[in-house]
Structure formats: C-alpha cells, structure tokens
Amino acid sequence: MTSRASSLLIVGAGPAGMLAGLLFARAGVPVRVLEKHADFFRDFRGDTVHPSTMEILDQLGMLGRFLERPHARLERAQIRLAGRDWKIGDLTHLRTPAPFIAMMPQWDFLDFLRDEAAAFAGFALEMNAAVTGFTQTDRRTSGVTLADGRVIVADLVIAADGRSSIARRLLPLEVLGAPMDVFWFRIGKANKSSGALRGSIAAGRMVVLIDRASYWQVAFLVPKGGADAVKAKGIEWIAGEVAAAFPDLTFSPNALDSLDDLHLLTVALDRLTCWHRPGLLAIGDAAHAMSPIGGIGINLAIQDAVAAANALAGPMARGEPIDGLLDKVQARRLFPTRLVQSAQKLAQDAIIGRVLGGEAITRAPLAIRLLDRFPLLRRIPGRLIGLGIRREHVTSGTA
C-alpha cells in the first residue's frame, strides 16, 4: 500500500518560497504557498538574479524561458575611490550557463516562477493570505492561522517570509548589526548601457549604481537611523551627491522629482541559531537577514530552497517522517551563510561605517589596486559574487 505524500505549507511567496514550492511540487509533494499581498508588485526588492540561481534554472530546463523575459545584464564591477575608478570584478569568465547577473524586477521573476510551478498538479498559490500564527499539536507545528480566521493544517510549514517572519518569534536569533540603511531610487541615464556595477566611496558618502539599461538604479547609503536627516537636506542635495560621486556620467535632468521617489531599506544582519523545530523550518531571510552588500541575499535564499527540497522532498513524497531531517538543511547551509555574513560584517565595520562617519580614504587598499592592475584577479570576486560558496545542485526528483 502506497503511503500518502506529506503536505507542505510555505509562508511567503518570495523567490525562495516560490522556488521551494516548485521543487517540492515537482517531486510529488502537495504544496500551498501563502502570500499576504494581493500581487508581487513591490519595487526595489532584490532584482539581481546571479549565475548560481540561473544554474538552478538551467538544471530544471527553465533557463531559456527565463532569459526570454526582459532583463539587463551586469558582467563587471568597478568602484570610484580616492579620486579615480578601479575595476574590481569580472563575471564573464565563469564556467556556467549564464556568466552574468540578470537584472529583472522581482515581480517579473516571481511571475516566471509562478508560471513554471503551475505546470505541477500539486502546486497552489494563494494571495491575500496573511499568516498570523502557527497552530500546535502535541508540541509540534501543525499548520497556520490566517488573518481571516481560517486554520490550514500541514505536515510541514516552511517559513520563507523574510526578516519579519513570524517564525522568528519562536526560534533563537543572533544579531550581528549594521551601521547603515539604504535609500533606493531611480535616476535617468543620458548615455548607453555599460553593463557594469559601479560604486563610489568618499568621506561621508557611499553610492552604488546598478545599470538597468534605460536608467540607473541607485543605492544611496546613510548612517543607521539617519534617513530623516538626509531627507531634510532635500531632493536636490541628494541628486547633487549622486552627480558628484560619478563626475564622468551624465544624468537626465529632473530624474528625481520628490522625496516620495526614495525607498528606504532598513538594513539588518542577523541569523537564527536554530532554523527549525518539529513541523517548522525557516529558510532565506527568515533564517538569515543579509546586508545588501553584493546583492546576494535572494540568491543565498534560493540555495536554501534547493537544499531543503534535496533533503526533504523525497521523504515527504513517500509520506515518511521528516522532523529528524530538518537539521540537515541548516547543517548544509549554515557554513556559506556564516562566511558571507562574516565578509559583509567586515566590509561594514572596516569601510562602510568609517566612511559614513566622515573618515576620508585617500589611498585605495592594496587589494583594490591589485584587482585593477591584474585582470585575472578580477575573476575571484566575480566567482564569489556570481556563484557563491557551496552552491547547490538540484537532486530532488520528479514525481
């Protein structure tokens, strides 16, 4: 007699939640993904799809269809420091199906994952389904309660609902801290696309430009808690700071119309010390909030989703108990999480906090000078950003 497949609830329809839903449904597990919003349209929500993520799509036979959707490509990175531009990263030599960062609005990526997941009979997505708590049976998470009063039961709940996840009320959290917040906004381009990620560092100012073909997506860093003080200086001051950071670029006039164009990201760097309890597993930002440094948060979360499916989808499809397997996901993903967060904290403490505090850097560090001088060395940061550490490969099968 064939055992009934275990059921799965996923809280949060971000990239990690949607890909996890796709992978589990592909393996024959009945999946329902719950999303509190009515749609996916939220701007400046992690638009970078890295080569490691596109490797996963390639393994699933989906990469070609993904690349048919409109996107921009970033292949190189450079930074303006101590009065000049330095080339610091190159992804073009990566041995991977897509050796570049694909810039695609997150809602388009989520639309793509939803369309692909819909091919599997066991997949269901419910919008306007805000989860307010978990249900417990015999000291085990057995489902969720919704804002509309409904209770949905499942054999496993995966929390993929970001740094504000309700799972963080139940699981222990370690805070690493961050000295900055970030204003995201758009500014018009007057020149052709360069395919590069550009940064500028000067005393009291850090700005990053992401090439989006027809415009620049701007990350304007401010000291932690200093957003109101920056806004008080006015939109003209902010636009002037961006222009001063990149004197070789020409920006479209009136690209910033008002302070309403600014979108604040409150930066957090932390991680759960235990990602699970019976019946419940946290992945992605719910398990580890990442700094925006390197733009790797989404891609690390997607690696978590693949690891979770690799460890759990087969046993769940066979109706086997899985509480004893939940620790395998954390054991697999904790090392790269710690390593990336350690690098981000080092950058925050050694550079970002000091610069935003007004300290001037008059000479580029040796590592920056070496990367600029020797093109071969630029492949190293390109590989670390593009492919990460301990990247996952899909081993969960199809039903």
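## A charge over a ring

Which residue lies over the face of Trp86? Arg84 does, at 3.7 Å from the ring centre. Keep in mind as you look around that this is a predicted model.

There is another arrangement of this kind to find. The charged end of Lys189 sits over the ring of Trp216, and here the distance from the ring's centre is 4.7 Å.

## Aromatic rings that meet

Now for rings that pair with other rings. A pair of aromatic rings is described by the distance of the centres and the angle of the planes. The structure holds four aromatic pairs. One of them joins Phe66 and Phe109 in an edge-to-face arrangement, 5.6 Å centre to centre and with 70° between the planes. Phe66 belongs to helix α3 (residues 63-67) and Phe109 to helix α4 (residues 106-117), so this pair ties together parts that are 43 residues apart in sequence.

Next, find helix α7 (residues 297-317) and helix α8 (residues 326-356), whose axes come within 9 Å and cross at roughly 150°. Angles over 145 degrees count as roughly antiparallel, so α7 is roughly antiparallel to α8. The crossing of these two helices is right-handed.

Which residues meet where α7 and α8 touch? On the α7 side they include Leu300, Ala307, Ala308, Ala311 and Leu312. On the α8 side, Leu326, Val329, Arg332 and Arg333 are among them.

## Two loop residues with a positive phi

Finally, here are two backbone angles worth a look. Most residues other than glycine have a negative phi. Asn128 is not a glycine, yet its phi is positive, at about 55°. Asn128 is found in the loop between β8 (123-126) and β9 (131-137), and it counts as exposed because its relative accessibility is 55%.

Asp138 is another residue other than glycine with a positive phi, near 55°. Its place is the loop between β9 and β10 (140-146). With a relative accessible area of 76%, Asp138 is exposed.

Methods: Residues are numbered from 1 along each chain as its sequence is written. This is a predicted model: local features need pLDDT of at least 70, side-chain atom pairs count only at pLDDT 80 or more; totals for chains, interfaces and linings use all residues. Side-chain values use heavy atoms; hydrogens and water are left out. Rings of Phe, Tyr and Trp (its six-membered ring) pair if their centres lie within 6.5 Å; planes under 30 degrees apart count as stacked, over 60 as edge-to-face and the rest as tilted. Helices (H or I, at least four residues) and strands (E, at least two) are DSSP runs, numbered from the N terminus. A charge sits over a ring if NZ of Lys or CZ of Arg is within 6 Å of the ring centre and within 35 degrees of the ring normal. Axes are lines fitted to C-alpha atoms, for helices over the stretch in contact, and angles run from 0 to 180 degrees between N-to-C directions. Angles under 35 degrees count as roughly parallel, over 145 as roughly antiparallel, 65 to 115 as roughly perpendicular and the rest as oblique. A crossing is left-handed if the near helix is turned anticlockwise from the far one by less than a right angle, and right-handed if clockwise. Contact means heavy atoms within 4.5 Å. Buried means under 20% relative accessible area, exposed over 50%, partly exposed in between (1.4 Å probe, protein chains only).
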